[in-house]
Amino acid sequence: MLQVCDVKKYFGGIKALDGTSLSLGYNELKCIIGPNGCGKSTLFNVITGAMPPTSGQVIFKGENITARPPHKISRLGFGRKFQVPAIFNDISVAENVEIAAMAVQTKKSLWKTFSQKIDYTTFDKHLGNFGLTSYRNSLAGELPHGLKQRLEILLLIISEANIILLDEPTAGMSQAETLETAELIRHVQKNFLTSVLVIEHDMHFVRALNCPLIVMMKGSVVCEGVYETIKDDSEIKKAYLGEIAC
Ligand code: ADP
Ligand code: MG
């Protein structure tokens, strides 16, 4: 579904990406790990068109989408989650969901925005699956941090994203919320046939995700494998895992 081919991104003398290549299949979940400053967020910026690469290509469903503007890449079905939840704080949880449902119609035709009827059965099911039913009428801004992150992931699903990029989704979460988020991401991948690429630091989360890991260092991918294999690689341990209690 997604291929990143030998992507380089230089900021003057800083080689944020120095020949990164990776791939993600349809309905596949992979997690990118690597020390601070190794280029993970820059990679998401290049994939989503927020920054053009210095060289290299991003291929999506066989099409070269390198350096297309972000709104065009978003329309292909990309959903991106940043560290700070992108939700509307001053309206209710239900209204946030309604807006996302309307926005997806706008992508298809402006007229549909005004003429469409919301399917409340699906709507309630979504809120239930994401543990948000009892917060339906709460102001989104007043949700606990973990539930805000949860709501944002739900908004991506409602927006019909078929490939989701999550940059450190558990930042600021308690350990219980972190493990719930891992479960939620697995739920999303299984039940909505979504492909998911997650950047994460938290090793409890990475282990709970139980998916292939892509290890990045100094702007490129150094290895790929499941946690159990990677944790025994002495170079990776020294360079990365050792930084974090795991
Ligand atoms: P990570 O997400 O792995 O922590 P980043 O992708 O944020 O790393 O950063 C990789 C390197 O690129 C870092 O050295 C960072 O300082 C640099 N960098 C990232 N964005 C910019 C930018 N817009 N301008 C200059 N340097 C940047
Ligand atoms: Mg980052």
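**Close-up views of a strand residue and its sheet**

**View 1. Val215 lies within strand β9, which spans residues 213-217.** The structure shown here is a predicted model. The relative accessible area of Val215 is 0%, so this residue counts as buried, the cut-off being under 20%.

**View 2. Contacts of Val215 beyond its sequence neighbours include Ile33 and Ile236.** With residues up to four places away in sequence left out, Val215 also touches Ser220, Val221, Val222, Cys223 and Ile230.

**View 3. Six strands form an open sheet with mixed pairing.** The strand order is β6-β7-β8-β3-β9-β10. At the edges stand β6 (78-81) and β10 (220-225), each of which pairs on one side only. From one strand to the next, the twist averages 20°.

**View 4. Strands β3 and β8 pair in the parallel sense.** Residues 29-33 make up β3 and residues 195-199 make up β8, and their pairing extends over 4 bridges. In this pairing, Val196 of β8 is the residue opposite Leu29.

**View 5. Helix α7 packs on the sheet.**

Note on methods
Residues are numbered from 1 along each chain as its sequence is written. Chains are lettered from A and ligands numbered from 1 in the order in which they are written. This is a predicted model: local features need pLDDT of at least 70, side-chain atom pairs count only at pLDDT 80 or more; totals for chains, interfaces and linings use all residues. Side-chain values use heavy atoms; hydrogens and water are left out. Two strands pair if DSSP finds at least two bridges between them. Helices (H or I, at least four residues) and strands (E, at least two) are DSSP runs, numbered from the N terminus. Axes are lines fitted to C-alpha atoms, for helices over the stretch in contact, and angles run from 0 to 180 degrees between N-to-C directions. Contact means heavy atoms within 4.5 Å. Buried means under 20% relative accessible area, exposed over 50%, partly exposed in between (1.4 Å probe, protein chains only).
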